[in-house]
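Here is a short briefing for a first look at a protein model. Keep the sequence and the 3D view open while you read.

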Amino acid sequence: MTMKKILLLFVLAGLVFSTNSCKKKECPKPEVRGAGTWDATKIVDPNGQELDSTNPAVACYLTDEMVLNKDHNGTSWVFPSYDPNASTCTPYNLTVSSWAENLDVNKLYVTVTYQGTSYDFHFTYTSKTEFYQEFSGGYKEYYKKQ
């Protein structure tokens, strides 16, 4: 075999192994769980007991809603804060500057900006339509996809 034939064989072999074996229509698309509207559904204490939703503070936090768009445009998070002294629930409109998923470990990472400061939040998926955020003390706030 001449050197040209050997080189040609390596080039052809490289082309065969480097081409994608599936056609565009048949290739599985990477899953995107986070895109969509998520509403807070319950808050659970460290013992796994759901907190009473008639409690004004709990009811306030259950108005929490997050909208994550695939293209990240118009992505927002309305995060409520309860003031026990005034018995008021104040919604804060947070701008989601980025969000990403690592489905290998069932995590969703959201970065928000509020008044010029960035904050990072980590959520854990329990299914394709539910995730939770764990707070200090072991409390968890669960969200469900609309």
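Two residues are in contact when heavy atoms lie within 4.5 Å. By that rule, residues 24 or more positions apart account for 40% of the contacts in the protein with a separation of 6 or more. The model is predicted: local features need pLDDT of at least 70, side-chain atom pairs count only at pLDDT 80 or more, and totals for chains, interfaces and linings use all residues. Residues are numbered from 1 along each chain as its sequence is written, and side-chain values use heavy atoms, with hydrogens and water left out.

**Overall layout**

- The protein has two helices and eight strands. Helices (H or I, at least four residues) and strands (E, at least two) are DSSP runs, numbered from the N terminus.
- Along the sequence, the order is α-β-α-β-β-β-β-β-β-β.
- Of the 146 residues in the protein, 27% are buried. Buried means under 20% relative accessible area, exposed over 50%, and partly exposed in between, with a 1.4 Å probe and protein chains only.
- The protein has an accessible surface of about 9,900 Å², and carbon and sulfur atoms hold 54% of that. The areas come from the Shrake-Rupley method with a 1.4 Å probe; for residues, only the protein chains shown count as cover.

**Confidence**

- The average pLDDT of the protein is 85, and 79% of the residues score at least 70. This score is the predictor's confidence in each residue, from 0 to 100.
- Where pLDDT is low, the predicted coordinates should not be read in detail.

**Strand pairing around β8**

- Two strands pair if DSSP finds at least two bridges between them.
- Strand β1 (residues 36-44) pairs with β8 in the antiparallel sense, over six bridges. Here Asp39 stands opposite Lys144 of β8.
- β7 also pairs with β8 in the antiparallel sense, over five bridges. Glu134 has Lys140 in β8 as its bridge partner.
- The hairpin of β7 and β8 has five residues between the strands. Within this hairpin, Gly137 takes a positive phi near 90°.

**Aromatic rings**

- The structure holds twelve aromatic pairs. Rings of Phe, Tyr and Trp (its six-membered ring) pair if their centres lie within 6.5 Å; planes under 30 degrees apart count as stacked, over 60 as edge-to-face and the rest as tilted.
- Tyr125 and Phe131 form an edge-to-face pair, because their ring centres are 5.8 Å apart and their planes stand at 85°. Tyr125 has 4% relative accessibility, so it counts as buried. Phe131 has 0% and therefore also counts as buried.
- Tyr132 and Tyr142 form a tilted pair, because their ring centres are 5.3 Å apart and their planes stand at 45°. This pair links distant parts of the chain: Tyr132 is in strand β7 (residues 130-134) and Tyr142 is in strand β8, ten residues apart. Both Tyr132 and Tyr142 are buried.
- One aromatic cluster is formed by Trp38, Tyr61, Trp77, Phe79, Phe121, Phe123, Tyr125, Phe131 and Tyr143.

**Charges over rings**

- A charge sits over a ring if NZ of Lys or CZ of Arg is within 6 Å of the ring centre and within 35 degrees of the ring normal.
- Lys42 has its charged end over the ring of Tyr142, 4.8 Å from the centre.
- Lys140 has its charged end over the ring of Tyr132, 4.6 Å from the centre.

**Phe79**

- Phe79 lies in strand β3 (residues 76-83).
- Its C-alpha atom is 6.5 Å from that of Asn93, which is 14 residues apart from Phe79 along the chain.
- Leaving aside neighbours within four places in sequence, Phe79 is in contact with Asp64, Thr90, Pro91, Tyr92, Leu94 and Glu141.

**Loops with positive phi**

- Asn106 is in the loop between β4 (88-102) and β5 (107-114). Asn106 has a positive phi, near 55°, and is a residue other than glycine. Its relative accessibility is 28%, so Asn106 counts as partly exposed.
- Gln115 is in the loop between β5 and β6 (117-127). Gln115 is not a glycine, yet its phi is positive, about 50°. Its relative accessibility is 69%, so Gln115 counts as exposed.
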